[in-house]
Structure formats: C-alpha cells, structure tokens
Amino acid sequence: MGLTEREFGWVEGFIDGEGCLYFYMHRHKGCKRGFAWNPGISIANTRVDALEFIQEKIGGGAIRKFKGKEWTENGWKPLYRLDIGAKLLRIWLPRLHLRLKARQQVLLLEALRLISEQHGGFKAYTPHDARLGEICAEMKRLNHRGLPNL
C-alpha cells in the first residue's frame, strides 16, 4: 500500500490530469431530508492497469467499465473509471499537491471537514447545508466542460 516518492508524484499527476474531484447532492430515500452529500474523486482512462495500480497503492476504490453502444459502434477502446469515496479521500486528499485542480481540492477538503462535524454521517441534517450547497455549486462550475456561452 505504500508509495515511493516517485509513485506518489505519478499518482498526483494522474489525478490532476485525468481525475475529477466532485461534490454533489443526490436524492436518497433513506435520508430523513431526502438527500445526501456525495464527495469523491473519479479517474477515467482506457488503461485499466493504471487504475488498478492506483487502487492497489491507495488501498481501495471501485473500478467500473463503461459499456455502451457507442463504444462498440465507433470501435473505441474500453473506458474504465476508478471511484474513490470519502473514507479514502480523508486519508489521501490532504497529502496531494494538485496544480490544475487546486481549488477543487480546497473546496472538497472543506466539505469533508463540514460533513465530519455533523453527527450521523452524510445522510443527517447539518447546520452547514447552506455552505455545502455553495461548495457544490462552485465545484459544478469549476468542473464544467467546454466554453461558456458568449
């Protein structure tokens, strides 16, 4: 599970270049208020071996394969995604030195801290919901792909 300094730098670069730091609210019937906060990192790539390496070195995460008609019709390579959840984020995110996604990192660390202050996990009410909503909106804006409408 340990990373050499070189491997750690490679993982940082891979996350900074190929990863997506996200934070969103999703509907959840099991919650008293009907939703839960969802923080995470996802890394998508056609090289499943690279994602398996990261998964092994950080000690977890889930790898999923994207399937779809468009992949087979267009002859594209299979695409895989490694999802890293809150438990591992709390361990690894503070140690990363991201450049391209530095603002998302700061916001996600704040969200994780605010969620930790609530008693009952991601599903319980928190007095920080207003700030978490602001973080969610800014993360969405920062992660938006493409050019803005001119």
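1. Helices (H or I, at least four residues) and strands (E, at least two) are DSSP runs, numbered from the N terminus. On that basis the protein chain has six helices and four strands, in the order α-β-β-α-β-α-β-α-α-α along the sequence.

2. This is a predicted model, in which local features need pLDDT of at least 70 and side-chain atom pairs count only at pLDDT 80 or more, while totals for chains, interfaces and linings use all residues. Residues are numbered from 1 along each chain as its sequence is written, and side-chain values use heavy atoms, with hydrogens and water left out.

3. Of the 150 residues in the protein chain, 37% are buried (buried is under 20% relative accessible area, exposed over 50%, partly exposed in between, with a 1.4 Å probe and protein chains only). Lys 87, in helix H4, is exposed, with a relative accessible area of 71%.

4. A salt bridge here is a side-chain nitrogen of Lys or Arg within 4 Å of a carboxyl oxygen of Asp or Glu. The count by this rule is eight. One of them joins Asp 83 and Arg 64, at 2.7 Å from N to O. Asp 83 lies in strand E4 (residues 79-84) and Arg 64 in strand E3 (residues 62-66), so this pair ties together parts 19 residues apart in sequence. Asp 83 is buried, with a relative accessible area of 12%, whereas Arg 64 is partly exposed at 42%. A network of salt bridges links Arg 64, Arg 81 and Asp 83.

5. Glu 138 pairs with Arg 103, the closest N and O atoms being 2.9 Å apart; Glu 138 is in helix H6 (residues 129-143) and Arg 103 in helix H5 (residues 102-117), 35 residues apart. Glu 110 pairs with Arg 131 at 2.8 Å between the closest N and O atoms. Glu 110 lies in helix H5 and Arg 131 in helix H6, so the pair ties together parts 21 residues apart in sequence.

6. Asp 16, in helix H1, deserves a look. Asp 16 is buried yet has no salt bridge, and the nearest side chain of opposite charge, Lys 101, is 4.7 Å away (Lys and Arg count as positive, Asp and Glu as negative; His and the chain ends are not counted). A polar atom of the Asp 16 side chain lies 2.7 Å from the backbone nitrogen of Arg 99.

How values were computed:
A polar contact is a pair of N or O atoms within 3.5 Å; within protein, one must be able to donate a hydrogen and the other to accept it, and residues adjacent in sequence count only if both atoms are side-chain atoms.
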